[in-house]
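Hi,

Here is the model I promised to pass on. Have a look at it first, and then read my notes below.

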Amino acid sequence: MFEKFRKSMSKDKESQAKESLKDQVEETLDQAIEDVENQEASAEAEEEQLSEEEKLKQEVEKEKDKFLRLFAEFENYKRRTSKERIELFKTAGQEVMQSMLPVLDDFDRALVEIQKTEDKNLLTGVELISNKLRETLKSKGLEPIAVKAGDKFDADLHEAITQIPAPDKKMKGKIVDVVEKGYTLGEKIIRYPKVVTGK
């Protein structure tokens, strides 16, 4: 009987141990499941936070790109308008200068004719006015093109209006006479000198 009791006790202990083990396993499984669920929840929350961060970063990048494009467009606009303004000033100045060239030509002709007279005061007065006008135009960028009889003819710089037989062999292909002076405004030729060449 004692043996039976011992066996029954041992079965009870065994069943209790099994129960305890079963409880521990269940508890461990529950804990593991809870840990996994917690990890998944935190991973989802982190992912959600990351995706929200990424969205914000993408939006910032888009806005930055828009801003850079707009800034570049504005810089191009400024450059283009300033270039157009400079061109406008140049062409406006060029038109005024070209309209003044016949006046300079008239002064040259007048000085030649006045030098033939004996009135020195008249010559001095006209020379002063002529020089003042030329200096004013020079300060605005107008320069005469230096050309004289005997210079070699250059089709890029001179405008030949006629050809005459050369007075001597040395004058062939060279400038015999300058009919009208040429002028530059800055770097640009606004009137080519009109010349007579020798053939």
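A word on terms before the layout: helices (H or I, at least four residues) and strands (E, at least two) are DSSP runs, numbered from the N terminus. On that basis the protein has two helices and six strands, and from the N terminus on the order is α-α-β-β-β-β-β-β.

Some housekeeping: this is a predicted model, where local features need pLDDT of at least 70 and side-chain atom pairs count only at pLDDT 80 or more, while totals for chains, interfaces and linings use all residues. Residues are numbered from 1 along each chain as its sequence is written, and side-chain values use heavy atoms, with hydrogens and water left out.

Now the overall numbers. The protein exposes about 16,300 Å² (Shrake-Rupley method, 1.4 Å probe; for residues, only the protein chains shown count as cover), and carbon and sulfur atoms supply 55% of that area. Of the 199 residues, 16% are buried; buried means under 20% relative accessible area, exposed over 50%, and partly exposed in between (1.4 Å probe, protein chains only). Taking a contact as heavy atoms within 4.5 Å, 64% of the contacts between residues at least 6 apart in sequence join residues at least 24 apart.

On to the aromatics. Rings of Phe, Tyr and Trp (its six-membered ring) pair if their centres lie within 6.5 Å; planes under 30 degrees apart count as stacked, over 60 as edge-to-face and the rest as tilted. That rule gives one aromatic pair. The ring centres of Phe67 and Phe71 are 6.2 Å apart and the planes are at 25°, so this pair is stacked. Both residues sit in helix 1 (residues 2–116), four residues apart, or about one turn of the helix. Phe67 is exposed, at 54% relative accessibility, and Phe71 is partly exposed, at 44%.

Thr184, in strand 4 (residues 183–185), is buried at 15% relative accessible area. Leaving out residues up to four places away in sequence, Thr184 touches Gly141, Leu142, Glu143, Ile145, Ile189 and Ile190. Ile189 belongs to strand 5 (residues 188–191) and is partly exposed, at 21%. Ile189 and Leu142 are 47 residues apart in sequence, yet 9.6 Å apart in space, C-alpha to C-alpha. Thr197, in strand 6 (residues 194–198), is buried at 4%; beyond its neighbours within four places in sequence, its contacts include Phe153, Ala160, Ile164 and Val176.

Last, the largest pocket. On a 1 Å grid over the protein atoms alone, a cavity is a set of points where a 1.4 Å probe fits but cannot get out, whereas a pocket is an open set with protein on both sides within 12 Å along at least five of seven lines; lining residues have an atom within 4 Å of a point. The largest pocket has a volume of about 180 Å³, a volume being the space filled by probe spheres set on the points, with grid points joined across faces, edges and corners. Its lining consists of Leu104, Arg134, Glu135, Leu137, Lys138, Leu142, Glu143, Pro144, Lys181 and Tyr183. Helix 2 (120–139) and strand 1 (142–144) are the elements that give two or more residues to this lining, and helix 2 gives the most, with four. The lining residues divide into five nonpolar, no polar and five charged (Ala, Val, Leu, Ile, Met, Phe, Trp, Tyr, Cys and Pro count as nonpolar, Asp, Glu, Lys and Arg as charged, and the others, Gly among them, as polar).

Cheers
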